[in-house]
Amino acid sequence: MKRALIWLPLGLFGVFFAVVAAGLMRPADTTVHSTLVDKPLPVFQLEPMVPGKPGLASGDFKSGRPRLLNVFASWCIPCIAEAPQLMALKARGVPIDAVAIHDKGPAIAAFLRRNGDPYAAIGDDSRSRVQMALGSSGVPETFLIDGRGRIVRQYIGDIRADQVDQIVRDVAAAK
Amino acid sequence: MSLSLALLLTAATATPDYGNMQLPDARAEAQARALMGELRCVVCQGQSIADSDADMAADMRALVRQRIARGESPEAIRAWLIERYGDYVSYDPPLSGATALLWATPILLLAVGAWIARSSFRKRR
């Protein structure tokens, strides 16, 4: 018994070493994923953000067609990087609506003039209320909503060029 | 519930900036503050929303204060956020398979301590 116990500290150190080494080699994923995926879109109603474009309500997502809901802001740099991909998605027939976080109408209008306007509707979420209701923790994020108003997927961060084909397939599959 | 949420969402711009302003009722403010110290800012993840200067944290504080002012219990607000962001958003982790070790460790360590103390007291005699 005593003889076996003498190896215990070394054994414990081995375990400790393995845990630390594993943590160093595979850094923790600190992305906060929404836990509302596979659940219905929360109920909301937002005022229009820019003149000539409607605001956004959760009821708009029960049209029978899947849509993307993009959470963005004019002050968000990755949103500029994402804009061409959203334009490409729009060109391929994917309907996109948006929620603008902490923003003002003129700033959004300028953003759309500069980077293109892929949105069918933009809701004014000046105090992040809808963002929080969605379980979204930053900009940009995009949610895929099926035709019955259920959240199918969440894309965290700016959409890259190599994601566009997959998203078109995801949208087609969400019917 | 869904109707009241919709009303709340549309009425958001008319209410005062509770992200950076205390509630008039001191007891409600104390309740809100206790909860804000236990909620994680999802942007600046090492901080509570009470500590953080991020816009999102201010929005989360406003949400907490408005709901407390409407008479919602702190636990209901915590549950609402956990439903959306997962257990990660709360600094008071619930007991589950993943956190069982976390909760059991103090008891296990006490037991080990008692065992060591017992054997060392015995030797002295």
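Modeller: Two residues are in contact when their C-beta atoms, placed from the backbone, lie within 7 Å. This is a predicted model, in which local features need pLDDT of at least 70 and side-chain atom pairs count only at pLDDT 80 or more, while totals for chains, interfaces and linings use all residues. Residues are numbered from 1 along each chain as its sequence is written, and chains are lettered from A and ligands numbered from 1 in the order in which they are written.

Biologist: Which residues does A:S128 touch, not counting residues up to four places away in sequence?

Modeller: A:S128 touches A:I101 and A:H102 in chain A, and B:M56 and B:D59 in chain B. Its place is the loop between β5 and α5 of chain A. Helices (H or I, at least four residues) and strands (E, at least two) are DSSP runs, numbered from the N terminus. From C-alpha to C-alpha, A:S128 lies 9.1 Å from A:V99, although 29 residues separate the two in sequence.

Biologist: Does A:S128 count as buried or exposed?

Modeller: A residue is buried if 20 or more other C-beta atoms lie within 10 Å of its own, exposed if 12 or fewer, and partly exposed in between. A:S128 counts as buried because it has 26 C-beta neighbours inside 10 Å.

Biologist: How many residues does the contact take from chain A and from chain B?

Modeller: The contact takes 21 residues from chain A and 21 residues from chain B. On the chain A side, the elements giving two or more residues are β1 (45–46) and α5 (129–134). Of these elements, α5(A) gives the most, with four residues.

Biologist: In what order do the five strands of the open sheet in chain A stand?

Modeller: Two strands pair if DSSP finds at least two bridges between them. The order is β5-β4-β3-β6-β7, with mixed pairing. The edge strands, each pairing on one side only, are β5 (121–125) and β7 (151–156). Direction ignored, neighbouring strands are turned by 20° against each other on average. Strands β4 (residues 96–101) and β5(A) run parallel and are joined by five bridges; here A:D97 stands opposite A:A121.

Biologist: Which strands does β6(A) join by five bridges?

Modeller: Strand β3 (residues 67–72) of chain A pairs with β6(A) in the antiparallel sense over five bridges, and A:N70 stands opposite A:T142 there. Another five bridges join β6(A) to β7(A), again antiparallel, with A:Y155 as the bridge partner of A:T142. Strand β6 (residues 141–145) is mostly covered, with five of its five residues buried. A:E141, A:F143 and A:I145 point one way from the strand, and A:T142 and A:L144 the other way.

Biologist: Where does the backbone of chain A show a positive phi or a cis peptide bond?

Modeller: Most residues other than glycine have a negative phi, and most peptide bonds are trans. A:D38, not a glycine, has a positive phi of about 75°. A:D38 sits in the loop between α2 (8–25) and β1, and counts as exposed because it has 9 C-beta neighbours inside 10 Å. A:H102 has a positive phi of about 50° and is not a glycine either. A:H102 lies in the loop between β4 and α4 (105–115), and its 19 C-beta neighbours inside 10 Å make it partly exposed. In the hairpin of β6(A) and β7(A), with five residues between the strands, A:G149 takes a positive phi near 85°. The bond from A:V139 to A:P140 is cis, with omega near -10°, and A:P140 is in the loop between α5 and β6.

Biologist: At what angle do helices α2 and α3 of chain B pack?

Modeller: Axes are lines fitted to C-alpha atoms, for helices over the stretch in contact, and angles run from 0 to 180 degrees between N-to-C directions. Helix α2 (residues 26–36) and helix α3 (residues 55–69) of chain B pack at about 140°, with axes 9 Å apart. That angle makes α2(B) oblique to α3(B); angles under 35 degrees count as roughly parallel, over 145 as roughly antiparallel, 65 to 115 as roughly perpendicular and the rest as oblique. The contact involves B:A28, B:Q31, B:A32, B:L35 and B:M36 of α2(B), and B:R61, B:V64, B:R65, B:I68 and B:A69 of α3(B). By class, these are seven nonpolar, one polar and two charged residues.

Note on methods:
Ala, Val, Leu, Ile, Met, Phe, Trp, Tyr, Cys and Pro count as nonpolar, Asp, Glu, Lys and Arg as charged, and the others, Gly among them, as polar.
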